[in-house]
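Hi everyone, thanks for coming. Please have a look at the sequence and the model on the screen, and then I'll walk you through a few places in it.

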Amino acid sequence: MILQQRLETAMRHFGWVRIPEILHQHAEEASKRNIPYLEFLDNLLAEELLAKHDRFIQTRTRLAHLPFRKTLDQFDFAFQPSIDERRIRDLATLRFMEHQENLVFLGPPGVGKTHLAVALGLEAIKQRYTVYFITAHDLVQTLLTAHMTNAIKQKMKMFIKPDLLIIDEIGYRKMDETAAHFFFQIVSERYERGSILLTSNKSFGAWGDIFGDTVLATAILDRLLHHSSTVNIKGESYRIKEKKKAGFFRPEHSDEREADR
């Protein structure tokens, strides 16, 4: 009992969580199979490291504020033939992040832009990068609230610090002058320092309307696109696809079409 207490005290000191759970089981197995001491220790440490890595991933994923957890393997590339799967798999190597480059997914609603953004965010977390996800609308609201409460510097740091900042749904709502100015600041501060991943349903030519200022939009795009990749997605909405499967959209029969004429 004294030895066990000393071991438990030492494990708590080192912050080990998994080894106390498996020590007795592994000790019995080592005794039965005559496993060498070093191999026994290696097995214990391997499980502790794996558990620590899992806890790290869970914590980083929670802090990233991802709206859901979907991987590239769950993406239906066959449904969106406009997307080059090999190119997306290459992006998943995260070389663009190593070079502090940006990535933009453009396309109509429902084609999988957010899914791809989240999947790449999860890959980045696995590679021990820090990630933060936010919609453009929530970003604007957060910045405006921080501006009114004199907390803008602190909030700006929250969006500048992560290795990968994911801003989803650019273009669904226009930004006022103040929000557009802060957005420009974020892009400028991250320029050649950290990667930004954007999704938008608007072409770059329409960004002047989004930011309410063509000159400002040009300045933002100049910094975003200087070191970047753009993926244009064309195709049907996944949500409409699922509704069709559920029978919400039914083709009209020829006799019904004739009756409607």
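**Cores, a helix and some salt bridges**

Let's start inside: the largest nonpolar core has 34 residues, and those with the most contacts within it are I167, I170, F183, L198, W207 and F211. Helix α9, residues 177-190, gives this core its largest share, seven residues. Apart from it lies another core, of 32 residues, including V131, F133, I166 and L197. By nonpolar core I mean a set of buried Ala, Val, Leu, Ile, Met, Phe, Trp, Tyr and Cys residues joined through side-chain atoms within 4.5 Å. Buried is under 20% relative accessible area, exposed is over 50%, and partly exposed is in between, with a 1.4 Å probe and protein chains only.

A word on the background. This is a predicted model, where local features need pLDDT of at least 70 and side-chain atom pairs count only at pLDDT 80 or more, while totals for chains, interfaces and linings use all residues. Residues are numbered from 1 along each chain as its sequence is written, and side-chain values use heavy atoms, with hydrogens and water left out.

Back to W207: which residues does W207 touch, not counting those up to four places away in sequence? They are I170, L198, S200, K202, A217, L221 and L224, where contact means heavy atoms within 4.5 Å.

Now please find T61, in helix α3, residues 37-64. Helices here are DSSP runs of H or I, at least four residues, numbered from the N terminus. Is T61 buried or exposed? T61 counts as buried, because its relative accessibility is 9%. Its side chain reaches the backbone oxygen of I57 at 2.7 Å. Leaving aside neighbours within four places in sequence, T61 is in contact with L66, R69, L122 and I125.

L41 is also placed in helix α3, and is partly exposed, with a relative accessible area of 42%.

On to charges. The whole structure has nine salt bridges, each a side-chain nitrogen of Lys or Arg within 4 Å of a carboxyl oxygen of Asp or Glu. R55 and E48 form one of them, at 3.8 Å from N to O; R55 is partly exposed at 31%, whereas E48 is buried at 5%.

Another joins D73 and R89, at 3.3 Å from N to O. This pair links distant parts of the chain, 16 residues apart: D73 is in the loop between α3 and α4 (85-91), and R89 is in helix α4. D73 is exposed, at 66% relative accessible area, and R89 is partly exposed, at 33%.

Terms used. Helix = DSSP H or I, 4+ residues; strand = E, 2+ residues; numbered from the N terminus. Polar contact = N/O pair within 3.5 Å; in protein donor to acceptor, adjacent residues only side chain to side chain.
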